[in-house]
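Visitor: I would like to learn how to read a few features of a model. Where do we start?

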Amino acid sequence: MDLETFRTKQGPYKDLYASDAKAALLTLRAKGTANANAVTCKVETGRGLATAGIHPKVGGSGLELCSGDMLLEALIACAGVSLRAAAAVLEIPIKSATISAEGDVDLRGTLGITEGVPVGFKEIRLGFDIKTDAPQAKLDQLLELTDRYCVIFQTIQSQPKTSVTLRRT
């Protein structure tokens, strides 16, 4: 979608959600199926099935997607879209943008071999390399808005309330 169409399309939503908070609530859902014969999970995506598996450094084959990589990829996707949206609002012309994310995991926690070592990312770093002629003050504003409105990054930072259930079927 081009930037002008984006601005035009977003306006009515902003007006609606400002006047009706309930209309702004959205529940996203994802679904997958664990393989009965292998340590993999098929995840339904908007573009088909993605098969996730164990990272090779903890015993996986390396043929399947790693869920940690998928989390970073979701972060990059969200941050890239947020960057472009914020640039459109601020009217900052961006010639090109590359978004990168990297995270550190201590695999001793994942494998349960050292008590007290947490499972999951210890640190996640998000970066942007952009080509633009915009002044630094505008770029500072762009980074602030991108950080503030990137749903995935804000979710990681805010540690939302979570729950887990198991149902017998």
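Visitor: At what angle do helix 2 and helix 5 pack, and how far apart are their axes?

Guide: First, the general idea. Two packed helices are described by the angle between their axes and the distance between the axes. Now the case here, in a predicted model. Helix 2 and helix 5, the latter spanning residues 151-158, pack at about 125°. Their axes are 7 Å apart. That angle makes helix 2 oblique to helix 5, because it falls between the roughly perpendicular range, 65 to 115 degrees, and the roughly antiparallel one, over 145.

Visitor: Which residues in helix 2 and helix 5 meet?

Guide: Helix 2 brings Leu71, Ala74, Leu75 and Cys78. Helix 5 brings Val151, Ile152, Phe153 and Ile156. By class, this contact has eight nonpolar residues, no polar ones and no charged ones.

Visitor: Why does isoleucine 76 count as partly exposed?

Guide: Compare its value with the cut-offs. Buried means under 20% relative accessible area, and exposed means over 50%. Isoleucine 76 has 25% relative accessibility, so it counts as partly exposed.

Visitor: And glutamate 91: where does it lie?

Guide: Glutamate 91 is in the loop between helix 2 and strand 5, the strand at 96-105. With a relative accessible area of 62%, glutamate 91 is exposed. Sequence separation and distance in space can be read together here too. Glutamate 91 and threonine 27 are 64 residues apart in sequence and 31 Å apart in space, C-alpha to C-alpha.

Visitor: Now the rings. How many aromatic pairs does the count come to?

Guide: For rings, read the distance between centres, then the angle between planes. The count comes to one aromatic pair. Tyrosine 13 and tyrosine 17 have ring centres 5.9 Å apart and planes at 35°, so the pair is tilted. Stacked would need planes under 30 degrees apart, and edge-to-face over 60.

Visitor: Where do tyrosine 13 and tyrosine 17 lie?

Guide: Both are in helix 1, residues 3-19. They sit four residues apart, about one turn of the helix. Tyrosine 13 is partly exposed at 43% relative accessibility. Tyrosine 17 is also partly exposed, with a relative accessible area of 35%.

Notes:
Residues are numbered from 1 along each chain as its sequence is written. This is a predicted model: local features need pLDDT of at least 70, side-chain atom pairs count only at pLDDT 80 or more; totals for chains, interfaces and linings use all residues. Side-chain values use heavy atoms; hydrogens and water are left out. Buried means under 20% relative accessible area, exposed over 50%, partly exposed in between (1.4 Å probe, protein chains only). Rings of Phe, Tyr and Trp (its six-membered ring) pair if their centres lie within 6.5 Å; planes under 30 degrees apart count as stacked, over 60 as edge-to-face and the rest as tilted. Helices (H or I, at least four residues) and strands (E, at least two) are DSSP runs, numbered from the N terminus. Axes are lines fitted to C-alpha atoms, for helices over the stretch in contact, and angles run from 0 to 180 degrees between N-to-C directions. Angles under 35 degrees count as roughly parallel, over 145 as roughly antiparallel, 65 to 115 as roughly perpendicular and the rest as oblique. Contact means heavy atoms within 4.5 Å. Ala, Val, Leu, Ile, Met, Phe, Trp, Tyr, Cys and Pro count as nonpolar, Asp, Glu, Lys and Arg as charged, and the others, Gly among them, as polar.
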